[in-house]
Each structure stands twice: as C-alpha cells, then as structure tokens.
Amino acid sequence: MAKAIADLQTKKKNFDMLIEIVDARCPHISSNHELLQSFNLPVLTIAVKQDLAVVDNSFLNISTNDKKARNIILNRIKQELKPKIDKARSKGLLNPQFNILVLGLPNIGKSSFINLLLNKNNLIVQNYPGVTRKQTLVKIDNMLFLNDSPGILFKNIDDDTTGYILSLIGCIKKEVVPMYEVIKFAYEFYCNKYPNQIKQKFELNEFGNFEHFLENVCKKYQFILNGNTLDKERALEYLYSMFMNGRICKVNYEN
C-alpha cells in the first residue's frame, strides 16, 4: 500500500476534506489515525454497519442499507464544509465545488457508502479486502465530488487482539491470519461479553474450552470427513462467517 499512500499524498492539495469510514463494531480500532494526521484537512468520521453493532454514540453511525441515511450524511458534509462554502460565496462563487477523499481500511465499506450517496450501485462491492484498486471520482451533486481510494491498512499492527478484531470485521484477509486463534479469540470474547447470545445461538448448556466448542460445532452441523474425522477447518470457516456477518448478535469489540 506504500504506492497508494504516496499517490494520495501527492494529490492531497486537491482535496477539501476527508471522510473516514470506520466499522461501528470497533470505530477506534478501525481508524487509521496516522494516515489522517498526514493530510491536515477537516475530517468527518462515519461508522458504518450500525445494524451489526452495539454503537458508540460519539460517532455518526449509519447502515449503508438505510436510504434515509443519505440526507443525514449530505447535511453533515455541508456543515463541515460551511466555512469553505461561505468563503467561496463571499468571492462570488454561487455554486462552489469541493473534492472529498473517502478513506478507510480494506473492506471497511467505502464503496457501499459512496453507492448510498449516489443512490445507485455504481461501484463494485464485495465482502473481502482489496476490491478497490485505484482512486475513483464520482459526482454526488453539483457541489460535491467524492474520491474513493484503495483500502489502506496500518503500517504496523501492534498487538494480536487488534489483528484478530480486524480479521473478524473482514479488513484482513482470512488467508493470512491464524484462523484457529482468531475464532478462539471471538469465542472467548462472546462468552465474556455476550454469554446469553452465544449460548442461545449454539444451544450451549455451559461454556467449555474452545477446542471442546469447536468439536461440538463439527458434530452439530455435520462437519465430518471420511473415517468419521471432525472437519475442524470447515467449522472454523463456518464460525468465521457467523462472527464476521453478525449472525450471533450485535457487538462492540471495544467494550
């Protein structure tokens, strides 16, 4: 991603503000503070996927599936730009135009966010990192132009917990993480923070260790190989999908 960062830095004088997209399930963890600081521009942070989250109300939380969020977002953008709008109009520009850069981690939901503002499916949306390869300029109205950008991950992930959480929200490709450890973390987190919900979802009478839980999932959903061997890899894939797509309960990984 060094090339993408360098490209954005050379063009930063062309932007009037930033919109940072974070995940409502972990808004602080999914914010790339270091990258934001390098631009020195007004920033509006929007937390998406509120339908999957126990939300932190200090953020503007939305679901990109909610069409009513569009006007709320556009009003907030124009509030942030008001000093620049007033300055331009004082110089006689009745309809000034502003370029806004949309930033976020890989697979955070930038393209879905822009499609919401466009009110159509203009950008490709997939549920895995690395879909947006280059900047894409789109016109929202006569005043606002959004620049989509490739998802940019942190230079360094300092601890395992951060890596596990970023994996569970889909910002790190599952192929490059120790899936057993990620799902073990998720299971233990839910047991601690959302015990009733995970018990109900998997019909648990009590909490055992993770290995015992994984074996029970294999048996419950018939993840069995030839020779009656438990297919734990398939169980891990199934559990990853359950956690990532919010099929157990709404969650906040920063509680």
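**Close-ups of charges in a predicted model**

**View 1. A negative surface patch made by D158, D159, D160 and E181.** Patch members each have over 30% relative accessible area and no salt bridge, with like charges joined within 9 Å. Asp and Glu count as negative, Lys and Arg as positive, while His and the chain ends are left out of the count. A charge is placed at NZ of Lys, CZ of Arg, CG of Asp or CD of Glu. Look for D159 in the loop between β6 (144–148) and α6 (160–168); helices here are DSSP runs (H or I, at least four residues), strands likewise (E, at least two), numbered from the N terminus. D159 is partly exposed because its relative accessibility is 36%; under 20% would be buried and over 50% exposed, with partly exposed in between (1.4 Å probe, protein chains only).

A word on the model: it is predicted, so local features need pLDDT of at least 70 and side-chain atom pairs 80 or more, whereas totals for chains, interfaces and linings use all residues. Residue numbers start from 1 along each chain as its sequence is written, and side-chain values use heavy atoms, without hydrogens or water.

**View 2. A salt bridge between D23 and R25, at 2.8 Å from N to O.** By salt bridge we mean a side-chain nitrogen of Lys or Arg within 4 Å of a carboxyl oxygen of Asp or Glu. Both D23 and R25 are buried.

**View 3. K78 paired with D141.** The closest N and O atoms of this salt bridge sit 3.1 Å apart. K78 belongs to helix α3 (residues 69–80) and D141 to the loop between β5 (136–139) and β6, so the pair ties together parts 63 residues apart in sequence. K78 counts as partly exposed at 31% relative accessibility, and D141 does too, at 22%.

**View 4. E215 meets K232 in a salt bridge, with 3.9 Å between the closest N and O atoms.** Here two helices are involved: E215 is in α9 (residues 210–220) and K232 in α10 (residues 232–244), so the bridge ties together parts 17 residues apart in sequence. E215 is partly exposed, with a relative accessible area of 25%; K232 is partly exposed as well, at 27%.

**View 5. Zooming out to the charges overall.** The structure holds ten salt bridges. There are 34 positive and 26 negative side chains, and the centres of the two sets lie 10 Å apart.

Technical notes. Patch = residues over 30% accessible without salt bridge, like charges linked within 9 Å, V, L, I, M, F, W, Y side chains within 5 Å. Areas by Shrake-Rupley, 256 points an atom, 1.4 Å probe, with all protein chains shown as cover.
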